[in-house]
Amino acid sequence: MSFGQGGPFDGPGGSSSSTPDWGALAEESEAQSRRKRWMWIGGGALAALAVAGIVTAAVMTGGGSKGGKPTAAPTASDEAAVPDDKPSFPDVSVPPPPNPRDYISDPKKDKAPLTPATLFPQKSMVVGEHTYPRTKTATTKDCTAGAQGPLVSSLSHNGCRQLLRATYSKGGVAVTIGIAVFDSPAKAAKVMNENKANLMPLPGGGVPSDFCQGTKCRMATNATGRYAYFTIAGYLNGKDVTGTETKAQQIARDGGAYAFSQITQRGKDQAAKAAEQQLKDAQKKAGQS
C-alpha cells in the first residue's frame with residue numbers, strides 16, 4: 001500500500017495526512033509564550049504593590065495621628081529640644097540695708113544739707129498729743145554765740161562745728177532747742193557728760209527777749225551720734241520754774257524728745273536714699289551680666 005501526498009483520507013472538509021501543520025503549531029506556541037510573560041509581569045507588579053502596602057501600614061501604625069493624618073513618633077533628640085517654659089531671672093545680690101546711725105555718726109556719710117529748714121522743717125513741734133507752734137529758728141558756725149556760761153568753753157574745746165536752734169511756745173511756756181554738731185560721737189558724748197547745758201534762749205515770734213534771763217528755767221542735755229542737743233524751758237511771764245510745776249516740765253521733755261527724733265530721722269532719710277541707690281546699682285549690674 002502506498003501513500004500519496006494527500007494521504008488516503010483526503011477529501012472535502014479536513015485532512016487526514018500524518019504530516020504536522022507547522023504554521024498552526026508556531027502560532028499556538030507564540031500565544032502560550034505571551035500568556036506566560038503576562039503572568040510573570042502581572043505577578044511581579046502585584047508583589048511590588050503588596051510590599052508597598054506592608055511598608056505603608058508599618059509607617060501608619062508606628063506613629064500617632066491627629067485629625068486622621070499619620071505623625072512620626074518623636075525621637076530622643078526631639079524630646080531633648082523641648083524648651084523649658086519656666087521664666088529665668090538674673091540673680092540680684094543686694095547688700096544689707098545701711099544702718100541709719102552710721103549716717104549721724106560719721107561726717108563722711110552725713111552729707112545731707114544741715115540747716116534749720118532741714119532739721120526743723122515742721123511749722124509745729126508735735127510730740128504725742130502735744131502740739132507747739134514754732135516761733136523762731138537760727139543757726140551759727142560760731143557755736144559759742146548761742147551758748148552762755150560754762151557751755152561756751154565746752155562747745156569750743158570739743159570742736160563744735162555748728163549750732164542750730166529753734167523755739168516753740170504754747171500756753172504761756174516756751175522751749176528753745178539747740179543741736180550742736182561735732183566731728184565724732186565721742187566729742188558729742190563728752191559735752192553731754194560735762195552737763196553744762198547753758199543754752200542761750202532764742203526769743204522772737206511772741207517769745208520775749210528776756211525769756212529765761214534772770215529767772216529759773218529747766219535745762220537738759222543729751223547726745224546721739226555726733227550730735228549733742230540741749231533744751232531750756234520756762235514761763236513767758238518770768239515766773240520761776242519749780243520742782244512741782246508741770247507745764248514747763250512737759251514742754252522741756254517734749255523738746256528733748258523732738259530733738260532726738262529729728263536727728264534720728266536725718267539718719268533714716270540718708271540710709272533710705274543709700275539703700276535705694278544700692279538696689280539700682282545691683283539691678284544694673286545684674287542686667288549687664
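Buried means under 20% relative accessible area, exposed means over 50%, and partly exposed lies in between, with a 1.4 Å probe and protein chains only. The legends below describe a predicted model, in which local features need pLDDT of at least 70, side-chain atom pairs count only at pLDDT 80 or more, and totals for chains, interfaces and linings use all residues. Residues are numbered from 1 along each chain as its sequence is written, and side-chain values use heavy atoms, with hydrogens and water left out.

**View A. The salt bridge of Asp110 and Arg226.** A salt bridge is a side-chain nitrogen of Lys or Arg within 4 Å of a carboxyl oxygen of Asp or Glu. Here the closest N and O atoms of Asp110 and Arg226 are 3.2 Å apart. Asp110 sits in the loop between α3 (100-105) and α4 (116-119), and Arg226 in the loop between β7 (218-224) and β8 (227-235), so the pair ties together parts that are 116 residues apart in sequence. Helices (H or I, at least four residues) and strands (E, at least two) are DSSP runs, numbered from the N terminus. Asp110 and Arg226 are both buried. A network of salt bridges links Asp110, Arg226 and Arg266. The search of the whole structure finds 5 salt bridges.

**View B. The salt bridge of Arg161 and Asp183.** The closest N and O atoms of this pair are 2.7 Å apart. Distant parts of the chain are linked, with Arg161 in the loop between α5 (151-157) and β5 (162-170) and Asp183 in the loop between β6 (173-181) and α6 (185-194), 22 residues apart. Asp183 has a relative accessible area of 38%, which means that this residue is partly exposed.

View C. Lys280 is partly exposed at 45% relative accessibility, and Glu276 is partly exposed at 47%. Side chains of opposite charge can pair when their charged atoms come close.

**View D. The disulfide of Cys143 and Cys160.** A disulfide is a pair of cysteine sulfur atoms within 2.5 Å. By this rule the count is 2 disulfides. The sulfur atoms of Cys143 and Cys160 are 2.0 Å apart, and the link is left-handed, with -75 degrees about the S-S bond. This pair links distant parts of the chain: Cys143 lies in the loop between β4 (130-140) and α5, and Cys160 in the loop between α5 and β5, 17 residues apart. Cys143 and Cys160 are both buried.

**View E. The disulfide of Cys212 and Cys217.** The sulfur atoms of Cys212 and Cys217 are 2.0 Å apart. About the S-S bond the angle is -100 degrees, and this link is left-handed. Cys212 is buried, with a relative accessible area of 8%, and Cys217 counts as buried at 19% relative accessibility. Cys212 is found in the loop between α6 and β7. Its phi is near 55 degrees, a positive value in a residue other than glycine. Most residues other than glycine have a negative phi. With bonded cysteines counted along the chain, the disulfides follow the pattern 1-2, 3-4.
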